[in-house]
Amino acid sequence: MQKLGLNQSLQQKLSPQQIQFIKLLQVPTAELETRIEEELEINPALEEGETETPDTTDDNTAEAEPEEYGETSSGDDELDINDYLRDDDYSGYKMQGDGDGDEDDREMPMVMGTSLQELLLTQLGYLGLDEKQSNIGKQLIGSIENDGYIRRELDAIVNDLAFSQGIDTTAEEVETILKKIQSFDPAGIAARNLQECLLLQLERLKQSIEEDDADKFTKSYVVEKAMQTVRDCYEEFTKKHYDKIIKKLDIAEEDADDIKDIITLISGLNPKPGGVSATTGVSKNQVIIPDFILTNNNGKLDLALNSRNAPELRISRSYTDMFKAYDKGDKKDKKLKEAVTFVKQKLDAAKWFIDAIKQRQQTLLRTMKAIVDFQYDYFQEGDETKLKPMILKDIATMINMDISTVSRVASSKAVQTDFGIFPLKYFFSEGIATDSGEEVSSREVKQIIKDLIVAEPKGKPLSDDKIEKILNEKGYNIARRTVAKYREQLNIPVARLRKEL
């Protein structure tokens, strides 16, 4: 037998306006313009330009109290266009710093350049290929990753060409075009692995040696031996087993010093021909638009919010006549009521969007100001050793917001300072206890590890155990596994691979 019962439960749900704000909050400045353009396309009630002053002298415009944020209403409600055109609510939403209008004159960094794919496509055009070969070349260039490598199998590229473009080809034909692309600048581009990348650069270097160069023989010898090392002794090279390399290359004892020139030449080649930094993962040609501008004016830190890429927004007044017609006309006209209801929904959506943009900028400023206050000593000089241990909870407590909100702000934003552009995540770090009972930032410890490794004897580099002991002697309570973790985060290899001749 079925029974009916009542259950009481408490659930937390986000309103559409809150969801919109959360999505906008995590969008970086570089993408905000695109997001605003999308909203302008789908909502005719939202326009670009400065807010216009509404005409309040019209006797036919009903005087109604503005709706509460997020409240919905039906077409039977009295509508007032003035509710959507208040200067005090929406004018000048695009704030910088404290809202000073002079901030619009601030110069923001904008870099113009040619992307890697554009550069390669230009060179492809110089080869004079037929249509089929050109399409294969474009497919290969499109498969090149940011660091300059093609990691996709040629058979897979053959299948892509067949299914997406209807081009019937073979792996051999694709490889023929690939070899042509590998001759493009930068040297080493379109390699399938690091070994091939190094060989491509050495081959280019060999071709560049001038015929009348006085040191032609010496340079050719070193390059030839370097190519032989990469081709035949690659595993020994990666493990720095130099004795085995000398034996394999059949280098005479009196010429044993040549191995230094060979290793130096190979080590100086570019392992990331696509322009991606090995330490930061950021392309050299990548444009970083900072979300904040922090300047030091004689010890006073001035913070401004970069919002020049966000156009001025306003509520459209093109629907005023519709409201007037509705006010004058027959309130029982069903079609007119439906039209007015649709327009009001769009106006509400435009209000919510502008409110979300304004709230986004206020939240960004509050969060960044808290970070600046917390790391004030660091921002004065840019000295990493002055970075304090700081976690998301510290900033969330300071601005009385949820940790998830701070996380969204920090995840994809950057700040321009007098000493470089940094992602906000850079300033967050865990703490390391010292013998004195204080806590220091893990970045300070990383800097010490980096300095120790830079100053170490190249023939006998410091092991992680030795670094641990040195740090413990300096008063930092740190374990060997933590030293290894920080060293890996600094992209520094183990002691055996740092050994030099």
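Colleague: How many aromatic pairs does a search of the whole structure find?

Modeller: The search finds nine aromatic pairs. The model is predicted.

Colleague: What makes two rings an aromatic pair?

Modeller: Their centres have to lie within 6.5 Å. One aromatic cluster is formed by Tyr378, Phe379, Phe419, Phe422, Tyr426 and Phe427.

Colleague: Which values describe two packed helices?

Modeller: The angle between their axes and the distance between the axes. For helix α18 (residues 442-455) and helix α19 (residues 464-473), the axes come within 11 Å and cross at roughly 120°.

Colleague: Why is α18 called oblique to α19?

Modeller: Roughly perpendicular covers 65 to 115 degrees and roughly antiparallel needs over 145. The crossing angle is roughly 120°, and therefore α18 counts as oblique to α19. The crossing of the two helices is right-handed.

Colleague: Which residues of α18 and α19 meet?

Modeller: From α18, Val445, Ile448, Ile449, Leu452 and Ile453; from α19, Ile467, Ile470 and Leu471.

Colleague: How do you know whether the contact of α18 with α19 is nonpolar or charged?

Modeller: Val, Leu and Ile count as nonpolar. The residues of this contact divide into eight nonpolar, no polar and no charged.

Colleague: How many helices and strands does the protein chain have?

Modeller: The protein chain has 21 helices and eight strands.

Colleague: What share of the protein chain is made up of buried residues?

Modeller: With buried meaning under 20% relative accessible area, buried residues are 40% of the 501 residues. Among contacts in the protein chain with a separation of 6 or more, 66% come from residues 24 or more positions apart.

Definitions and conventions. Residues are numbered from 1 along each chain as its sequence is written. This is a predicted model: local features need pLDDT of at least 70, side-chain atom pairs count only at pLDDT 80 or more; totals for chains, interfaces and linings use all residues. Side-chain values use heavy atoms; hydrogens and water are left out. Rings of Phe, Tyr and Trp (its six-membered ring) pair if their centres lie within 6.5 Å; planes under 30 degrees apart count as stacked, over 60 as edge-to-face and the rest as tilted. Axes are lines fitted to C-alpha atoms, for helices over the stretch in contact, and angles run from 0 to 180 degrees between N-to-C directions. Helices (H or I, at least four residues) and strands (E, at least two) are DSSP runs, numbered from the N terminus. Angles under 35 degrees count as roughly parallel, over 145 as roughly antiparallel, 65 to 115 as roughly perpendicular and the rest as oblique. A crossing is left-handed if the near helix is turned anticlockwise from the far one by less than a right angle, and right-handed if clockwise. Contact means heavy atoms within 4.5 Å. Buried means under 20% relative accessible area, exposed over 50%, partly exposed in between (1.4 Å probe, protein chains only).
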